[in-house]
Amino acid sequence: MARSHVEWPEGPHIYKKDGYYYLMISEAGTGHHHAISIARSKSLFEPFEGCPYNPIMTHRHLGWNYPIVNVGHPDIVETQNGEWWMVLLASRPYGDGYYRNLGRETFLTPMTWENGWPIINPGKGIIEDHVNAPDLPTFFAKKEACREDFDHIAQKGLPKHFMYLRNPIEENYDFSKNGVLSLRCGKDLLASDGRPSYVCIRQKDSSFAFETALHLEGKENEQAGIALFQSTDYQYQYLAGTNGNAPFGEHVPSIPPFLSNTDAPPRGSPDIESTIMVRVSPANAPTDVQLPTVIITKITHSLFNRHN
């Protein structure tokens, strides 16, 4: 090992610069104590010396309430203009606990070299949510549309930013008609390890509204709707169906709210409010009848995630 007495070393990257091989790793797990360390050697087959100020990047010393946490899993690059940058993963908690429903996001930070060792974000030594852009031509990625009407689903299939839960049962999905995303009810539930009929998009904001129109041709005891899904154990479902337990427009949470498994104290910030609207249009409903709309307010992160 290049370094000893570290917990859970992972994600090694090796670079060669100025006659040295540099081995950079993440350590201390992917939680609050996550950190980045580096070591070097003149040869891959000789002992590595650790950087005298390891870890070269961590946020564990900034406290539980710092807005960017769990810093680790880096890579570094030198641009054609001689600038050095680090790309890495981190999380942004929000709400009244140490919850990270946005998962691990990608951050960019400048770096330089001094005395043969990297200095991350010189003068600051932390990861920030805003940095000056690299000295490179400006490139704007195409933004995903806030609204998806599936207008070209017959020609292009499911849009790329939609995902399945595990490998789909293909016969339960029908993309043959533009303007319609058609799913057939499956036997597997979201709370199982099976392959439910389910498509989703990632949560990208700490506060959001989400709405869908649902045309349900359900048999007895079949249900459909929206799910706020973190895992098979932690999720909320807002369903419409044909049985008495889920009449049109009633929300059915699959489990009660849960607490985090971390020892972090509550963050003390206000609850994040989100709105989930489910509009149900059953196939046999008269066209002149105004069907109920379910509006579930104050959906806090505590309904979601205890891990990344």
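Met-86 stands opposite Thr-109 of β8. Here strands are DSSP runs of E with at least two residues, helices are runs of H or I with at least four residues, and both are numbered from the N terminus. The two strands involved are β7, residues 84–91, and β8, residues 105–114, which pair in the antiparallel sense over 7 bridges. Strands count as paired if DSSP finds at least two bridges between them. The model is predicted, so local features need pLDDT of at least 70 and side-chain atom pairs count only at pLDDT 80 or more, while totals for chains, interfaces and linings use all residues. Residues are numbered from 1 along each chain as its sequence is written, and side-chain values use heavy atoms, with hydrogens and water left out.

Strands of a sheet pair through backbone hydrogen bonds, either parallel or antiparallel. In this model an open sheet of 4 strands has the order β6-β7-β8-β9, with antiparallel pairing. β6 (69–78) and β9 (117–120) each have a single partner strand, so one side of each edge strand is left without a neighbour in the sheet. From one strand to the next the twist averages 35 degrees; for this angle, axes are lines fitted to C-alpha atoms (for helices over the stretch in contact), and angles run from 0 to 180 degrees between N-to-C directions.

On one side of the sheet, β6 and β7 pair in the antiparallel sense over 6 bridges. Within this pairing Asp-75 stands opposite Val-87 in β7. The hairpin of β6 and β7 has 5 residues between the strands, and Gly-82 there takes a positive phi near 85 degrees. At the other end of the order, 4 bridges join β8 to β9, and these strands run antiparallel. Met-111 stands opposite Ile-120 in β9. The hairpin of β8 and β9 has 2 residues between the strands, and Asn-115 takes a positive phi near 55 degrees.

In a regular strand the side chains alternate between the two faces of the sheet. Along β8, Glu-105, Phe-107, Thr-109, Met-111 and Trp-113 point to one face and are buried. Buried means under 20% relative accessible area, exposed means over 50%, and partly exposed lies in between (1.4 Å probe, protein chains only).

In soluble globular proteins, nonpolar side chains tend to be buried together. The largest nonpolar core of this model has 22 residues, and those with the most contacts inside it are Met-24, Ile-36, Val-71, Ile-76, Met-86 and Leu-88. β2 (20–27), β3, β6, β7, β8 and β9 each supply at least two residues of this core, and the largest share, 4 residues, comes from β7. A nonpolar core is a set of buried Ala, Val, Leu, Ile, Met, Phe, Trp, Tyr and Cys residues joined through side-chain atoms within 4.5 Å.

How many salt bridges does a search of the whole structure find? The search finds 5, each being a side-chain nitrogen of Lys or Arg within 4 Å of a carboxyl oxygen of Asp or Glu. Arg-40 forms one of them with Glu-49, the closest N and O atoms being 2.9 Å apart. Arg-40 is buried at 11% relative accessible area, whereas Glu-49 is partly exposed at 38%. Another joins the side chains of Asp-18 and Lys-17 at 2.6 Å, N to O. Asp-18 is exposed at 62%, but Lys-17 counts as buried at 18%. Glu-128 and Lys-124 form a further salt bridge, with the closest N and O atoms 3.2 Å apart. Glu-128 counts as partly exposed at 21%, and Lys-124 is exposed at 51%.

The surface also has a nonpolar patch, formed by Ile-14, Leu-44 and Phe-45, with about 370 Å² of accessible area together. Patches are made of residues with over 30% relative accessible area and no salt bridge, like charges being joined within 9 Å and nonpolar side chains (Val, Leu, Ile, Met, Phe, Trp, Tyr) within 5 Å. Accessible areas come from the Shrake-Rupley method with a 1.4 Å probe, and for residues only the protein chains shown count as cover. Leu-44 lies in the loop between β3 (35–41) and β4 (49–50) and is partly exposed, with a relative accessible area of 41%.
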